[in-house]
Amino acid sequence: MSAPQARPRVGLFVTCLVDLYRPTVGFAAIRLLEQAGCQVEVPRAQTCCGQPAYNTGDRATSRDLARGILDAFGGFDYVVVPSGSCGGMLREHLPHLFDDDPNLKARAAALAARSYELVAFLVDVRGVSVVDAAYAGTVTYHDSCAGLRELGVKDQPRRLLGSVAGLRLAEMAEPETCCGFGGTFCVKYPAISTRMVADKTRDIAASGADTLLAGDLGCLLNMAGRLKREASPVRSRHVAEVLAGMTDQVPPIGEARERG
Amino acid sequence: MTQPAFAARVDRALADPDLKRAIERTTGTARSKRAAAVAAWPDFAAARELGRDIKDHVTANLDHYLLTFERNATAAGAIVHWARTAQEACDIVVGICKAAGAASVTRAKSMLGEEIGLPHALADAGIERVETDLAEHIIQLAGDPPSHIVWPALHKTREQVAALFRAHHHDPGALATVAAMVASARRELRRRFMAADVGISGANFLIADTGAVCTVTNEGNAELTTTPPRVHIVTAGIEKLVPSTAHAMSLLRLLVRSATGAEVTQYTTFHCGPRRPGDADGPTAFHIVLVDNGRSRMLAEGLAEMLRCLRCGACLNHCVVFRQIGGHAYGGTYPGPMGAVLTPVLDGLAGTQDLPHACTLNGQCQEVCPVAIPLPTLLRGWRERSWREGLEPGVVRGSLFAWRFLVLRPALYRPATALALRVMRLFARRGWIARMPLAGGWTRHRDLPSPARQTFMAQLRQRRPSA
Ligand code: SF4
């Protein structure tokens with residue numbers, strides 16, 4: 001790895017779910033990025049990465065959104081996203097939306113090359129190997145699909161979690177198996193999705209962990225919602241909250257007293 | 001929101017507790033054996049690229065290899081037929097059977113045969129069909145279509161198979177063990193092998209430079225299907241072509257490890273022309289029916305990569321949706337991810353558009369595919385077409401339209417999301433939403449965490465007024 005750039009300007013792509021559901025993840029991302037020596041900005045012209053349209057086959061809408069993203073984020077050294085699937089959208093899919101427009105395609109490719117999932121960015125680009133955080137508990141980590149398969153996010157979160165004081169990692173069976181969220185899939189095909197997430201919560205319970213972590217809020221809402229319906233004591237959090245040491249500021253997903 | 005037929009098939013599958021157990025038993029073993037086989041193969045990644053390149057090369061030069069194959073197969077004494085459609089293919093096969101005066105045919109498992117509807121065509125022509133693959137024999141007795149491309153009887157538990165054999169076999173015996181069940185099937189099938197007039201098989205590879213047809217099985221039934229009868233008919237999709245035997249072997253290595261985790265199939269047979277003078281056995285007539293049935297259209301319609309498919313079944317075994325609903329719910333010849341790409345080609349997109357949508361695009365199928373077919377991308381391609389052709393239900397189009405209006409206008413999106421949060425929080429109790437209008441798809445089987453009091457953007461503005 002070449003030496004990390006002194007103080008890069010990072011544009012934080014918050015993602016629509018973090019914006020609506022879990023603002024803490026956005027603040028955790030800012031803290032982690034600043035600790036890693038970045039100057040973080042949050043362009044206000046952002047809304048969504050476009051996956052709901054893209055994965056429904058509405059290419060025109062995803063292109064329109066992508067054009068806005070190019071304008072809002074084109075000037076940064078890096079674009080960082082606290083989500084593997086939105087990160088994958090920017091990094092793997094954005095350029096293909098402009099296959100018929102060389103100009104925009106080049107801009108999209110340049111942006112894609114500078115876009116990263118948060119934890120992968122910290123480890124792979126900024127060379128972070130330890131975080132300043134503590135968590136008293138046993139966690140299990142679910143590998144969200146797009147982060148894992150499109151972006152190669154696998155060891156990075158585990159490496160950083162290994163440096164969290166007091167934290168123990170207990171792997172579940174099949175951590176790489178999809179939880180059944182799949183964006184609009186989970187509401188279009190709820191019966192299938194429910195069976196999938198029920199298999200997942202069974203594996204989570206069997207791991208013996210008291211906390212479920214993942215890097216994607218969509219998957220987390222799905223799994224947390226199912227755990228709650230099953231009256232499971234397992235709590236759910238985005239991995240960034242633990243790595244940023246912010247777990248005492250906000251209760252687990254869905255628990256009352258969400259101050260955020 | 002989904003097509004009723006698909007929804008009904010899914011409900012039926014999910015209501016069957018035996019099905020899930022049967023699927024997990026077989027696919028679980030397949031997954032762990034495949035993982036072990038791949039781990040023990042240091043050059044797997046390179047082999048996969050080679051496999052992909054071989055198939056792509058053939059696809060790009062299909063006309064050349066088809067004509068080379070035809071020339072060499074003909075020189076070896078085979079009679080080569082061309083079928084553009086499933087109907088044409090069936091007509092050719094039935095015609096050959098009738099000309100041979102066949103009363104009964106034996107058939108070695110072939111997914112292409114299922115694809116073109118050959119079992120029905122034979123039945124309609126009054127020709128008795130004996131399935132010789134053990135699993136095909138089971139589903140023939142049960143009257144079921146295959147539910148998996150490698151293990152057609154995957155949906156049947158051992159206990160259900162024993163019951164079938166007891167009801168249908170002449171001499172079932174005790175059927176207490178799997179070995180006893182296999183022995184009963186063998187007793188049943190052996191006499192039929194020898195009595196058949198025509199044997200019909202598929203092909204795993206069509207080898208252009210020798211004109212040979214390669215079949216692989218683990219039961220040896222293909223050999224007994226194709227050797228004793230007077231006439232052997234091969235039906236094969238045109239994508240089965242490979243330039244040479246060496247290329248076939250490169251692909252076979254990938255196919256077997258991906259399908260069962262074994263290093264090689266028990267039986268790998270090359271059929272090259274009919275019996276020659278001095279041969280101890282073999283058919284006197286050898287027909288090869290080359291079937292297009294939508295394949296050249298796939299080339300033209302952006303689905304060329306799908307023509308790499310070796311029919312190994314790995315994408316089915318690893319698919320989380322297949323693992324829940326099994327093969328029959330897909331409603332086509334081919335289930336799982338590869339089936340969700342192929343069925344709209346074969347049966348038309350209107351009416352099958354649920355298949356490419358009933359997928360989380362998690363990418364595991366592509367990861368395990370031995371020829372690196374970008375299945376999620378191809379599925380998304382069908383979604384785009386379904387969207388363009390207006391096949392998506394009005395409620396999907398409507399909600400996406402409203403969403404589009406807002407996400408493209410950040411200045412409107414901010415107040416709109418602030419309002420949405422306030423409304424949603426009205427339904428929350430202690431941080432959770434158990435029921436909310438329009439959210440039934442989510443809340444029927446799981447709770448919905450309450451959204452934040454204020455969006456991230458609003459909070460950020462308070463903390464960093466300049467932002
Ligand atoms: S798509 Fe790939 S994994 Fe699936 S059956 Fe075909 S070759 Fe095997």
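Tutor: A residue is buried if 20 or more other C-beta atoms, placed from the backbone, lie within 10 Å of its own, exposed if 12 or fewer do, and partly exposed in between. The model is predicted, so local features need pLDDT of at least 70 and side-chain atom pairs count only at pLDDT 80 or more, while totals for chains, interfaces and linings use all residues. Residues are numbered from 1 along each chain as its sequence is written, and chains are lettered from A and ligands numbered from 1 in the order in which they are written.

Student: Why does A:Ala231 count as exposed?

Tutor: A:Ala231 has 6 C-beta neighbours inside 10 Å, and that value falls under the rule of 12 or fewer, so the residue is called exposed. A:Ala231 is found in the loop between H12 and strand S8 (235-238) of chain A, where helices (H or I, at least four residues) and strands (E, at least two) are DSSP runs numbered from the N terminus. A:Ala231 also has a positive phi of about 55°, although it is not a glycine.

Student: How do you know whether B:Arg430 is buried or exposed?

Tutor: There are 9 other C-beta atoms within 10 Å of B:Arg430, which again falls under the limit for exposed residues, and therefore B:Arg430 is exposed. B:Arg430 lies in the loop between H21 and strand S11 (432-433) of chain B, and its phi is positive, at about 50°, although B:Arg430 is not a glycine.

Student: What makes B:Leu408 partly exposed?

Tutor: B:Leu408 has 17 C-beta neighbours inside 10 Å, a value in between the limits for exposed and buried, so B:Leu408 counts as partly exposed. The residue lies in the loop between helix H20 (394-407) and helix H21 (410-426) of chain B. Leaving aside neighbours within four places in sequence, B:Leu408 is in contact with A:Asp64, A:Leu65 and A:Gly68, contact being given to two residues whose C-beta atoms lie within 7 Å. From B:Leu408 to B:Ala452 the separation is 44 residues in sequence and 22 Å in space, C-alpha to C-alpha.

Student: Which residues does B:Arg425 touch, not counting residues up to four places away in sequence?

Tutor: B:Arg425 touches B:Ser450 and B:Pro451. B:Arg425 and B:Ser450 are 25 residues apart along the chain, and their C-alpha atoms are separated by 6.2 Å. B:Arg425 has its place in helix H21 of chain B and is partly exposed, because 15 other C-beta atoms lie within 10 Å.

Student: How many residues of chain A are in contact with chain B?

Tutor: On the side of chain A there are 58 such residues, and they meet 52 residues of chain B. Several helices of chain A each supply at least two residues of that side, including helix H2 (23-35), helix H4 (59-73) and helix H11 (190-207). By class, the side of chain A that touches chain B has 27 nonpolar, 16 polar and 15 charged residues, where Ala, Val, Leu, Ile, Met, Phe, Trp, Tyr, Cys and Pro count as nonpolar, Asp, Glu, Lys and Arg as charged, and the others, Gly among them, as polar.

Student: Why does the radius of gyration of chain A agree with that of a compact globule?

Tutor: The radius is taken over C-alpha atoms, and the globule rule is 2.2 Å times the number of residues to the power 0.38. For 260 residues a compact globule would have a radius near 18 Å, and chain A has 18 Å, so the values agree. The C-alpha trace of chain A spans about 50 × 45 × 35 Å along its principal axes, and buried residues make up 64% of the chain. Chain A has 13 helices and eight strands.

Student: What is the span of the C-alpha trace of chain B along its principal axes?

Tutor: The trace of chain B spans about 95 × 55 × 45 Å. Buried residues make up 49% of the 467 residues in chain B, and the chain has 23 helices and 12 strands. Among its contacts between residues at least 6 apart in sequence, 72% join residues at least 24 apart.

Student: Which residues are the closest to the ligand?

Tutor: They are B:Cys309, B:Cys312, B:Cys315, B:Met338 and B:Cys369, among 14 residues that surround the ligand; a residue is near when its C-beta atom lies within 6 Å. The shell divides into 11 nonpolar, two polar and one charged.
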